[in-house]
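Subject: Structure handover

Hello,

Here is the structure I promised. Please open it alongside this note; my findings follow below.

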Amino acid sequence: MSLINAPAPDFSFEVLNTDDSFSKVSLKDLKGKWVVLFAYPLDFTFTCPTEIIAISDQAKKLKELGAVVLAGSVDSVFTHLAWTNTPRNKGGLGKLDIQLFSDLDRAWGKAYGCLLADGHHTRATYIINPEGVLLHASQNSPAVGRNTDEVVRLIEGYQFAAEHGEVCPANWKKGAKTIKPDPKASLEYFEAVNNA
């Protein structure tokens with residue numbers, strides 16, 4: 001059964017903060033915020049740093065949308081710290097604007113269904129709304145990285161739909177036309193975009 005539109009499974013992580021300190025973060029701590037959980041296979045690998053740096057680069061925009069980003073793997077917070085202290089030109093992460101979580105016991109990966117047979121996470125992205133409901137789940141095989149612009153677009157879309165009661169069509173971007181979810185009222189959108 002899908003986890004979508006259901007209460008997100010709870011979690012409690014040890015995290016590496018942006019100031020190199022460690023703390024604990026749980027889903028309960030984040031109530032009232034949009035939460036992006038951004039799992040990746042392992043520290044000190046190859047595609048992973050490109051994705052983590054890319055989602056960190058989105059942190060300011062996501063914060064403006066009321067979202068918190070937690071990226072993580074099955075590595076310890078100590079390994080995360082070593083990786084953030086490795087320069088980017090040496091395959092490291094350098095300074096980040098997001099927290100890195102540790103799923104060392106793999107409990108979160110099991111609860112969210114993103115563990116591979118070898119015990120590492122897929123490239124999984126989850127979006128949880130301020131009420132704690134899981135709205136989005138996607139997973140990539142480790143060979144291909146994600147598009148972090150899509151994370152921003154999805155949150156903007158979910159926020160628009162929640163505020164206005166309209167739905168967002170394929171490739172929707174903030175400011176574009178939306179659809180009234182009604183057989184007759186939806187024709188306003190379809191007539192506007194299919195003017196042939």
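Where is the place of Ser186? Ser186 sits in the loop between H5 and helix H6 (187-193). Keep in mind throughout that this is a predicted model.

**Around Ser186**

Ser186 is buried, because its relative accessible area is 10%, under the 20% cut-off. A polar atom of the Ser186 side chain lies 3.1 Å from the backbone oxygen of Pro183. Beyond its neighbours within four places in sequence, Ser186 contacts Ile179 and Lys180. Lys180 also forms a salt bridge with Glu188, with the closest N and O atoms 3.2 Å apart. Lys180 is partly exposed at 32% relative accessible area. Glu188 counts as exposed, at 53%.

Phe190 lies in helix H6. Together, Leu187, Phe190 and Val193 make a nonpolar surface patch of about 240 Å². Phe190 is partly exposed, with 38% relative accessibility.

**Helix H5**

H5 covers residues 148-164. Its 17 residues should span 24 Å at 1.5 Å a residue, and the end C-alpha atoms are 25 Å apart, so the two values agree. Asn147 caps the N-terminal end: a side-chain oxygen lies 2.9 Å from the backbone nitrogen of Asp149. After the helix comes Gly165, with a positive phi near 70 degrees.

The buried residues of H5 include Val151, Val152, Leu154 and Ile155. What do the buried residues of H5 pack against? Their partners are strands E3 (34-39), E4 (67-73), E6 (123-128) and E7 (134-140), plus helices H1 (47-57) and H2 (59-64).

Arg153 is partly exposed at 21%, and Glu150 is partly exposed at 30%.

**Arg146 and its partners**

The structure holds 6 salt bridges. One of them joins Arg146 and Glu51, the closest N and O atoms being 2.8 Å apart. This pair links distant parts of the chain: Arg146 is in the loop between E7 and H5, Glu51 is in helix H1, and 95 residues separate them. Both are buried, with Arg146 at 15% relative accessible area and Glu51 at 2%.

Which side chain joins that of Arg146 in a polar contact of 3.0 Å? The side chain of Thr125 does. Thr125 lies in strand E6 and is buried at 3%. The C-alpha atoms of Thr125 and Ala137 are 5.6 Å apart, although 12 residues separate the two along the chain.

**Backbone angles to check**

Most residues other than glycine have a negative phi. Two non-glycine residues are worth a look here. Asp20 has a positive phi of about 70 degrees. Asp20 is in the loop between strand E1 (12-16) and strand E2 (22-26), and is partly exposed at 37%. Phe44 has a positive phi of about 55 degrees. Phe44 falls in the loop between E3 and H1, and is partly exposed at 42%.

Best wishes

Definitions and conventions:
Residues are numbered from 1 along each chain as its sequence is written. This is a predicted model: local features need pLDDT of at least 70, side-chain atom pairs count only at pLDDT 80 or more; totals for chains, interfaces and linings use all residues. Side-chain values use heavy atoms; hydrogens and water are left out. Helices (H or I, at least four residues) and strands (E, at least two) are DSSP runs, numbered from the N terminus. The expected span of a helix is 1.5 Å times one less than its number of residues. Buried means under 20% relative accessible area, exposed over 50%, partly exposed in between (1.4 Å probe, protein chains only). Contact means heavy atoms within 4.5 Å. A polar contact is a pair of N or O atoms within 3.5 Å; within protein, one must be able to donate a hydrogen and the other to accept it, and residues adjacent in sequence count only if both atoms are side-chain atoms. Patches are made of residues with over 30% relative accessible area and no salt bridge: like charges are joined within 9 Å, nonpolar side chains (Val, Leu, Ile, Met, Phe, Trp, Tyr) within 5 Å. Accessible areas come from the Shrake-Rupley method with a 1.4 Å probe; for residues, only the protein chains shown count as cover. A salt bridge is a side-chain nitrogen of Lys or Arg within 4 Å of a carboxyl oxygen of Asp or Glu.
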